[in-house]
Amino acid sequence: MTRINLTVDGDTYSDDVEPRMLLVHYLRERLGKTGTVVGCDTSNCGACTVHLDGHSVKSCNVLAVQADGSEVTTIEGLATDGELHPMQAAFHECHALQCGYCTPGMIMQAIDVLNDNPKPSEEEIRVGLEGNLCRCTGYHNIVRAVQVASGQEPKPASLEGSAS
Amino acid sequence: MIPAQFDYVAPSTVEEALAALAEAGDEGKIIAGGQSLLPVLRMRLNAPEKVIDLGRIDALRGVRDDGDAIVIGAMTSHADVLSNALVRDNAFVITKAVEQLADPQVRHRGTFGGALAHADPAGDLGAPALALDAEFVIAGQGGSRTVAADDFFVDLFTTAIEDGEILTEVRIPKRAGWGAHYEKFVRVAHQWPIVAVAAAVKVDGGTISEARVGLTNMGSTPLRARSVEQALVGRPATDEAVRAAAASAGEGTNPPSDLNGDADYRKHLATVLTRRAVLAAAGG
């Protein structure tokens, strides 16, 4: 067992973990933060994306011990005082999710894209999200949500095919 | 999927890491960014008893100016290499290759030295490093030695790094003002290249005065397309001249055959991608 100290979504934790424990398993099984999901488990799909010291990583491809001393932000740490993060709100408003499984990772990576480039073009958004797979293939509205969140597109007044 | 059990140590100096590696012997494995190693451990294709993490060795991180060369620390992340002005100004083909390497998340964790030491023949960094005559600085308990790029890549996933040694930095001779391009052929996003070509050229008054061309996934190691380089020098940077020079790109290569294409297809692809890469590098 190895002792790790880290901050996750603003709270500090100190835990003994097996060195082989993956960060995503630590988040889900030790901290109960099941908002971060395991998709492919082969570091392809990006569903498990979290921020490690401010940068997006695939948490199925990081050991928990490698995050010792770091600050981790998950999808569960985005909302403040019950208010959705602007990216979460944009995904909601743009109907940017179908089954929803890729959504936590998509949102975390979309925020990383805007952190690097606050006004990305559509092409830059698509390239920035290339490590995140949506098996519903609902990329169109995901890209649109990032455009809305970046203030480059107006919020949709109504949505075709929206259930609401 | 969960890796098999292992002991873990995260030294803060190269000396400590070398000592840990010596102590672990055959059962030790270095982890850099882990973006290739962790999938291997999870699938249990490898199960080292001790994993030695270089992630806490700050001295291995960063890019520095060293006169006629730039020096990239082995633990510098791909993302940091991508945004580095020294690399962009003096080794632009590295920037162009890293830009297309994997995806943003992997570039945040994966490291320049880790990828080169892993020596996947489909990895994106070998061909540009080879094309630029990079030198690999390898530390052992007896001190450091420097290995030329031509001697570094030995075989599939095999480099000149011996047991008990650690790649610490990569020196790349400066080539300011050269044009560069990395032409990567893939079927889907964030994938390894079926074939890729790294081209760096110096163009004076419309004529190619110097050229470097490296090939990815055209054999068990990255390869230099020396016949193409020689054919380009002194030629105009036109489609016709570059097309003629690129025709020999597949000569002497031994590419794999797989579901993405057989060896002959890859040899043809190499000529097409070489032409595109050189023309783009020359500003065409």
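Biologist: In what order do the three strands of the open sheet in chain B stand?
Modeller: This is a predicted model. In chain B, three strands make up an open sheet, and their pairing is parallel. The order is β1-β3-β2.

Biologist: Which strands of chain B stand at the edges?
Modeller: Look at the partners. An edge strand here has a single partner strand, so one side of it is left without a neighbour in the sheet. That holds for β1 (7–9) and β2 (28–31) of chain B.

Biologist: What is the average twist from one strand to the next?
Modeller: The sheet in question is the open one ordered β1-β3-β2 in chain B. Its twist from strand to strand averages 25 degrees.

Biologist: What angle does the direction of α1(B) make with that of β3(B)?
Modeller: Helix α1(B) packs on the sheet. It touches β1, β2 and β3 of chain B. Its direction and that of β3(B) make an angle of about 170 degrees.

Biologist: How far apart are the C-alpha centres of domain 1 and domain 2 of chain B?
Modeller: Chain B is divided into three domains. Domain 1 covers 7–56 and domain 2 covers 58–173, with domain 3 at 179–281. The C-alpha centres of domain 1 and domain 2 of chain B are separated by 18 Å.

Biologist: Which helix gives the most to the side of domain 1 of chain B that touches domain 2 of chain B?
Modeller: The contact takes 13 residues from domain 1 of chain B and 19 residues from domain 2 of chain B. On the domain 1 side, eight are nonpolar, five polar and no residue is charged. Five residues come from one helix, the top contributor: α1 (residues 14–24) of chain B.

Biologist: Which element supplies the largest share of the side of chain A that touches chain B?
Modeller: Chain A brings 23 residues to the contact, and chain B brings 22 residues. The chain A side divides into five nonpolar, 12 polar and six charged. β4 (55–58) and α3 (103–116) of chain A each supply at least two residues. The largest share, four residues, is from β4(A).

Biologist: How many of the 11 residues of α5 of chain A are buried?
Modeller: Helix α5 (residues 139–149) of chain A is mostly covered. The cover over its buried residues includes α2 (86–93), α3 and α4 (122–128) of chain A. Among the buried residues are A:Ile142, A:Arg144 and A:Val148. The count is eight.

Note on methods: Residues numbered from 1 in each chain as written. Chains lettered and ligands numbered in written order. Predicted model: local features only at pLDDT ≥ 70, side-chain atom pairs only at ≥ 80, totals over all residues. Contact = placed C-beta atoms within 7 Å. Nonpolar A, V, L, I, M, F, W, Y, C, P; charged D, E, K, R; others polar. Buried ≥ 20, exposed ≤ 12 C-beta atoms within 10 Å, placed from the backbone. Domains from an automatic or database assignment. Pairing = 2+ DSSP bridges. Axes fitted to C-alpha atoms, helices over the stretch in contact; angles between N-to-C directions.
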